[in-house]
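Visitor: I am new to this structure. Please show me how to read its features, one at a time.

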Amino acid sequence: QLSCLVKLVTLHGIPKDLDSYPKDLLLFLSPSDYAATGSCRQYFANIGKANLDVLQRESSQRKELLLEALACLKISSTQVNKENAEILGRLVCDLGGEYIRNSGGNLLKQLSHCDSFLPDQEEAIRSVISSGHTTFGAPAAWSAFTLNELSGLIPVFDHSILQKIPK
């Protein structure tokens, strides 16, 4: 339905008020289509707020979106800074474990909104959390507020992390 809607909306060119359309609609446009109305950074900031689950997790379309986002943001290594993590939004759910490890805690807030993780992502999340080198600090220093911020990651925590969290 969204794919058909994009065809109707763009029948006479890309509308100038594209940012006012539902974010999920943008998943079916390419950054070059969007370029007429804004920057690729703006496009991916909007994509990061969309429901990526409209596209299958391992689909070529979703993989291509991530590659284009990394290129747009000039992320050439496996390290993502906090600003780019915010722009990527839900696209971080598709980043591999090496990105999660090398980005320290920069991705945790966005990762907590992901519905599921691959095994290498889970392992990387546990590694970053266990290190204590994040803005959240070591699990032994966490509060109820911290747990609320990271609530989407709790199912990934193993016993060694859970036992360190204060009651």
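Predicted model: local features only at pLDDT ≥ 70, side-chain atom pairs only at ≥ 80, totals over all residues.

Visitor: How many helices and strands does the protein chain have?

Guide: Helices (H or I, at least four residues) and strands (E, at least two) are DSSP runs, numbered from the N terminus. Here there are 11 helices and 0 strands. Along the sequence the pattern reads α-α-α-α-α-α-α-α-α-α-α.

Visitor: What percentage of the residues count as buried?

Guide: Buried means under 20% relative accessible area, exposed means over 50%, and partly exposed lies in between (1.4 Å probe, protein chains only). Of the 167 residues in the protein chain, 42% are buried. Accessible areas come from the Shrake-Rupley method with a 1.4 Å probe; for residues, only the protein chains shown count as cover. The chain's accessible surface is about 9,000 Å², with 53% belonging to carbon and sulfur atoms.

Visitor: What share of the contacts joins residues 24 or more positions apart?

Guide: Contact means heavy atoms within 4.5 Å. Take the contacts with a separation of 6 or more: residues 24 or more positions apart account for 51% of them.

Visitor: Which residues line the largest pocket?

Guide: On a 1 Å grid over the protein atoms alone, a pocket is an open set of points with protein on both sides within 12 Å along at least five of seven lines; a lining residue has an atom within 4 Å of a point. In this model the lining is Asn-51, Leu-52, Asp-53, Arg-57, Arg-62, Arg-90, Cys-93, His-113, Cys-114, Asp-115 and Ser-116. Ala, Val, Leu, Ile, Met, Phe, Trp, Tyr, Cys and Pro count as nonpolar, Asp, Glu, Lys and Arg as charged, and the others, Gly among them, as polar. The lining has 3 nonpolar, 3 polar and 5 charged residues. A volume is the space filled by probe spheres set on the points, which are joined across faces, edges and corners. The largest pocket comes to about 170 Å³.

Visitor: Is Arg-62 buried or exposed?

Guide: Arg-62 counts as buried because its relative accessibility is 4%. Helix H5 (residues 60–72) holds Arg-62. Beyond its neighbours within four places in sequence, Arg-62 contacts Leu-52, Asp-53, Leu-55, Gln-56, Arg-57 and Asp-94.

Visitor: Which backbone oxygen lies 3.2 Å from a polar atom of the Arg-62 side chain?

Guide: A polar contact is a pair of N or O atoms within 3.5 Å; within protein, one must be able to donate a hydrogen and the other to accept it, and residues adjacent in sequence count only if both atoms are side-chain atoms. For Arg-62, the oxygen is that of Leu-55. Ser-59 sits in the loop between H4 and H5, and is buried at 18%.

Visitor: Where is Cys-114?

Guide: Cys-114 is in the loop between helix H8 (108–111) and helix H9 (119–131). It is buried, because its relative accessibility is 7%. Cys-114 and Asp-94 are 20 residues apart in sequence, with 9.1 Å between their C-alpha atoms.

Visitor: What does Lys-49 touch?

Guide: Not counting residues up to four places away in sequence, Lys-49 touches Lys-23 and Arg-90. The C-alpha atoms of Lys-49 and Arg-90 are 6.4 Å apart, although 41 residues separate them along the chain. Lys-49 lies in the loop between helix H4 (40–47) and H5, and is exposed at 55%.

Visitor: What is the phi of Lys-74?

Guide: Most residues other than glycine have a negative phi. Lys-74 is not a glycine, yet its phi is positive, about 55°. Lys-74 lies in the loop between H5 and helix H6 (82–88), and is exposed at 72%.

Methods
Residues numbered from 1 in each chain as written. Heavy atoms only, no water. 1 Å grid on protein atoms, 1.4 Å probe; cavity = no way out; pocket = protein on both sides within 12 Å on 5 of 7 lines; lining within 4 Å.
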